[in-house]
Amino acid sequence: MSTIYVNLKEPRTEDEVFELFRSYYEGRRFVRIRDKGKYPATKEVWGSNYCDIGLSLDSRTGRLTVLSAIDNVVKGAPGRRYRT
């Protein structure tokens, strides 16, 4: 689980930020951008190759919070039996 804080250089709406992330990760099979107000949890990616990403924008301060969750055991050799 990672939490990343980003100060936006230009003002953006939450819709714009979500669209940027969705378009960037479009076609990437194992990356899932969560809907607004939904945040990733490790239990939802356990035993998979998925990376779930949740976003929250504070429009007052221009700070974007990006939350991501992966099962890092599956990413290495021990996880070969779990791959989907």
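Which backbone oxygen lies 2.7 Å from a polar atom of the side chain of serine 48? In this predicted model, the atom in question is the backbone oxygen of valine 45. A polar atom of the serine 48 side chain also lies 3.2 Å from the backbone nitrogen of tyrosine 50. Serine 48 itself is found in the loop that runs between helix H2 (42–45) and S3. The relative accessible area of serine 48 is 7%, and the residue is therefore classed as buried, the cut-off being under 20%.

The strands are arranged as an open sheet of four, in the order S1-S4-S3-S2, with mixed pairing. Strand S1 (2–7) and strand S2 (31–33) form the edges, each pairing on one side only. On average, neighbouring strands of the sheet are turned by 20° against each other, direction ignored. Strands in a sheet pair through backbone hydrogen bonds, in either a parallel or an antiparallel sense. For S2 and S3 the sense is parallel, and the pairing extends over three bridges. Isoleucine 33 stands opposite isoleucine 53 of S3. Helix H1 packs on the sheet, where it touches S2, S3 and S4, and the direction of H1 makes about 155° with that of S3.

The largest nonpolar core comprises 10 residues: Val17, Phe18, Phe21, Ile33, Cys51, Ile53, Leu55, Leu57, Leu64 and Val66. At least two residues of this core are supplied by each of helix H1 (14–25), strand S3 (51–58) and S4. The greatest contribution is that of S3, which provides four residues. Both isoleucine 33 and isoleucine 53, which stand opposite each other, belong to this core.

When residues up to four places away in sequence are not counted, isoleucine 53 touches Phe21, Tyr25, Val31, Arg32, Ile33, Arg34, Pro40, Val66, Leu67 and Ser68. Among these contacts, Phe21, Ile33 and Val66 are also members of the largest nonpolar core.

Beyond the sheet strands, valine 73 lies in the segment that follows strand S4 (63–69). With a relative accessible area of 46%, valine 73 is partly exposed, whereas serine 48 is buried. Valine 73 and glycine 47 are separated by 26 residues in sequence, and their C-alpha atoms are 8.0 Å apart in space.

Terms used:
Residues are numbered from 1 along each chain as its sequence is written. This is a predicted model: local features need pLDDT of at least 70, side-chain atom pairs count only at pLDDT 80 or more; totals for chains, interfaces and linings use all residues. Side-chain values use heavy atoms; hydrogens and water are left out. Buried means under 20% relative accessible area, exposed over 50%, partly exposed in between (1.4 Å probe, protein chains only). A nonpolar core is a set of buried Ala, Val, Leu, Ile, Met, Phe, Trp, Tyr and Cys residues joined through side-chain atoms within 4.5 Å. Contact means heavy atoms within 4.5 Å. Two strands pair if DSSP finds at least two bridges between them. Axes are lines fitted to C-alpha atoms, for helices over the stretch in contact, and angles run from 0 to 180 degrees between N-to-C directions. A polar contact is a pair of N or O atoms within 3.5 Å; within protein, one must be able to donate a hydrogen and the other to accept it, and residues adjacent in sequence count only if both atoms are side-chain atoms.
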